[in-house]
Amino acid sequence: MANVVVVGAQWGDEGKGKIVDWLSERADVIARFQGGHNAGHTLVIDGEVFKLSLLPSGIVRPGKLAVIGNGVVLDPWALFAEIEKLTAQGVQIDTSNLMIAENTPLILPLHQDLDRLREEAAGAAKIGTTGRGIGPAYEDKVGRRAIRVADLGDAETLDSRLDRLLAHHDPLRQGLGAPAIDRAELRAKLMEIAPRLLPFAQPVWKTLGEARRDGKRILFEGAQGALLDIDFGTYPFVTSSTTMSGMAASGTGLGPSAIGFVLGIVKAYTTRVGSGPFPTELHDETGQRLGERGREFGTVTGRKRRCGWFDAVLVRQTCAISGVHGIALTKLDVLDGFETLKICTGYEVDGQRYDHLPTAAALQDRAVPVYEEMEGWSESTEGARSWADLPAAAVKYVRRIEELIQCPVALLSTSPERDDTILVRDPFAD
């Protein structure tokens with residue numbers, strides 16, 4: 001039985017929450033391995049909507065262990081706000097089903113301040129971050145000045161960490177016209193939250209290693225999407241972590257051999273939030289229609305998503321880099337009723353044809369999509385649970401996507417509901 005890694009294969013918002021929730025029925029442990037509360041996973045279960053940002057999607061299933069790995073940056077106040085919200089919806093969350101890696105770095109109020117200050121100072125050149133402090137927290141991690149979960153257990157260690165952290169942030173804030181950090185206030189907030197957070201802190205690498213040796217199934221859950229990867233995304237309009245499948249190993253403390261099946265989540269069209277290149281973006285009525293039918297608003301920010309035709313070039317690229325074995329194709333039902341559909345099969349830049357998105361930002365900005373047209377379908381695919389329930393044109397569209405991205409469909413989602421899913425290949429069976 002394989003452990004499964006779930007990653008977004010576009011710019012995020014592909015529907016990872018539902019797919020992870022669906023897969024978590026077959027898993028024993030569900031582990032988040034990167035990102036922070038800039039993620040937004042929406043689950044619809046028996047008509048009830050659950051919105052998650054930090055907590056692994058499997059938390060809504062009784063009897064599962066949810067893990068937040070060391071590759072995540074954790075806002076403890078946001079975490080407990082999310083826990084309280086889900087508890088009010090009847091979800092049990094305590095130390096029996098939630099574990100946080102002791103070496104997880106914390107997002108502090110000063111990180112959110114810096115995030116917003118930089119975006120405001122950048123003006124038209126802003127990246128389009130969520131303002132949640134994700135980037136600055138990762139910067140402090142690699143700068144070796146982060147405060148980690150375990151640091152809250154010792155006042156002397158915490159004081160040392162605070163001294164190093166503020167020696168960096170206070171001059172930054174001064175340069176941006178902001179006042180210095182109130183050290184006493186920040187320390188008091190951390191000491192106040194510590195008794196609530198520390199009971200969840202565990203050596204996650206050890207627990208997951210034991211689970212693997214016991215033959216338990218582990219589901220690794222990523223956030224954002226491959227095109228927002230710090231190395232392979234549309235830089236600099238990217239997130240601050242590695243969003244590819246390889247991060248599942250280092251972001252939880254298990255080695256690469258623990259990764260079995262890599263499942264890439266792919267929307268049947270393309271969306272992105274924030275700034276940056278988007279070759280197939282539609283600024284017309286078709287783009288508007290996709291956004292309205294797909295309810296394309298960010299779970300975390302509420303921002304309207306930019307919409308466009310399916311870009312097979314980008315998905316082929318991300319599937320190759322992440323080593324995707326199969327994809328979960330979501331939101332096929334949004335395309336119901338379109339007479340004609342288009343798929344991007346390449347780009348032209350200054351008269352030259354490309355079969356991949358070039359790395360240079362200037363070339364990305366000038367990339368013109370080369371389209372292949374396909375016949376649409378008038379019948380509804382919403383709620384389909386077998387291939388036989390799909391119109392022939394819809395099946396043809398899915399098969400053409402498989403050919404162009406050079407990767408098979410393992411799952412097909414036809415609505416936000418948990419059970420409206422067609423299983424083609426069980427990732428855990430490999």
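**Backbone, strands and helix contacts**

Author: Pro 236 lies in the loop between strand S8 (218-221) and helix H8 (247-250). Keep in mind that this is a predicted model.

Reader: What is the peptide bond from Tyr 235 to Pro 236, cis or trans?
Author: The bond is cis, with omega near 5°. Most peptide bonds are trans.

Reader: Switching to strands. What order do the 10 strands of the open sheet have?
Author: The order is S7-S6-S5-S2-S8-S1-S9-S13-S17-S18, and the pairing is mixed.

Reader: And which are the edge strands?
Author: Strand S7 (201-202) and strand S18 (421-423), each of which pairs on one side only.

Reader: How do S5 and S6 run, parallel or antiparallel?
Author: Parallel: 3 bridges join S5 (residues 65-68) to S6 (residues 98-101). Val 67 is placed opposite Met 99 of S6.

Reader: Which helix lies across S13 and S17?
Author: Helix H12 (residues 392-405) lies across strand S13 (326-330) and strand S17 (409-413). H12 runs at about 140° to S13.

Reader: Helices now. At what angle do H3 and H4 pack?
Author: H3 (residues 109-122) and H4 (residues 134-142) pack at about 115°, with their axes 7 Å apart. H3 passes H4 in a right-handed crossing.

Reader: Which residues make the contact?
Author: On H3, His 111, Leu 114, Asp 115 and Arg 118; on H4, Ile 134, Pro 136, Ala 137, Glu 139 and Asp 140. By class, that contact has 4 nonpolar, 1 polar and 4 charged residues.

Reader: Then H6. How do H2 and H6 cross?
Author: The axes of H2 (residues 76-88) and H6 (residues 183-197) come within 10 Å and cross at roughly 45°. The two helices are therefore oblique to each other, and H2 passes H6 in a left-handed crossing.

Reader: Which residues meet there?
Author: Pro 76, Trp 77, Leu 79, Phe 80 and Glu 84 of H2 meet Lys 189, Leu 190, Ile 193, Arg 196 and Leu 197 of H6. The classes in this contact of H2 with H6 are 7 nonpolar, no polar and 3 charged residues.

Reader: What about H5 against H6?
Author: The axes of H5 (residues 155-175) and H6 come within 11 Å and cross at roughly 140°. H5 and H6 are therefore also oblique to each other. Their crossing is right-handed.

Reader: And the residues in that contact?
Author: H5 brings Ala 155, Leu 158, Asp 159, Leu 162, Asp 163 and Leu 166, and H6 brings Arg 183, Leu 186, Arg 187, Leu 190 and Met 191. They divide into 7 nonpolar, no polar and 4 charged. Leu 190 of H6 is listed in the contact with H2 and in the contact with H5.

Reader: Last topic, charges. How many salt bridges are in the whole structure?
Author: The search finds 25. One of them is between Arg 61 and Glu 25, where the closest N and O atoms are 4.0 Å apart.

Reader: Where do those two sit?
Author: Arg 61 is in the loop between strand S4 (48-52) and S5, and Glu 25 is in the loop between helix H1 (16-24) and strand S2 (29-32). The pair links distant parts of the chain, 36 residues apart.

How values were computed:
Residues are numbered from 1 along each chain as its sequence is written. This is a predicted model: local features need pLDDT of at least 70, side-chain atom pairs count only at pLDDT 80 or more; totals for chains, interfaces and linings use all residues. Side-chain values use heavy atoms; hydrogens and water are left out. Axes are lines fitted to C-alpha atoms, for helices over the stretch in contact, and angles run from 0 to 180 degrees between N-to-C directions. Helices (H or I, at least four residues) and strands (E, at least two) are DSSP runs, numbered from the N terminus. Angles under 35 degrees count as roughly parallel, over 145 as roughly antiparallel, 65 to 115 as roughly perpendicular and the rest as oblique. A crossing is left-handed if the near helix is turned anticlockwise from the far one by less than a right angle, and right-handed if clockwise. Contact means heavy atoms within 4.5 Å. Ala, Val, Leu, Ile, Met, Phe, Trp, Tyr, Cys and Pro count as nonpolar, Asp, Glu, Lys and Arg as charged, and the others, Gly among them, as polar. Two strands pair if DSSP finds at least two bridges between them. A salt bridge is a side-chain nitrogen of Lys or Arg within 4 Å of a carboxyl oxygen of Asp or Glu.
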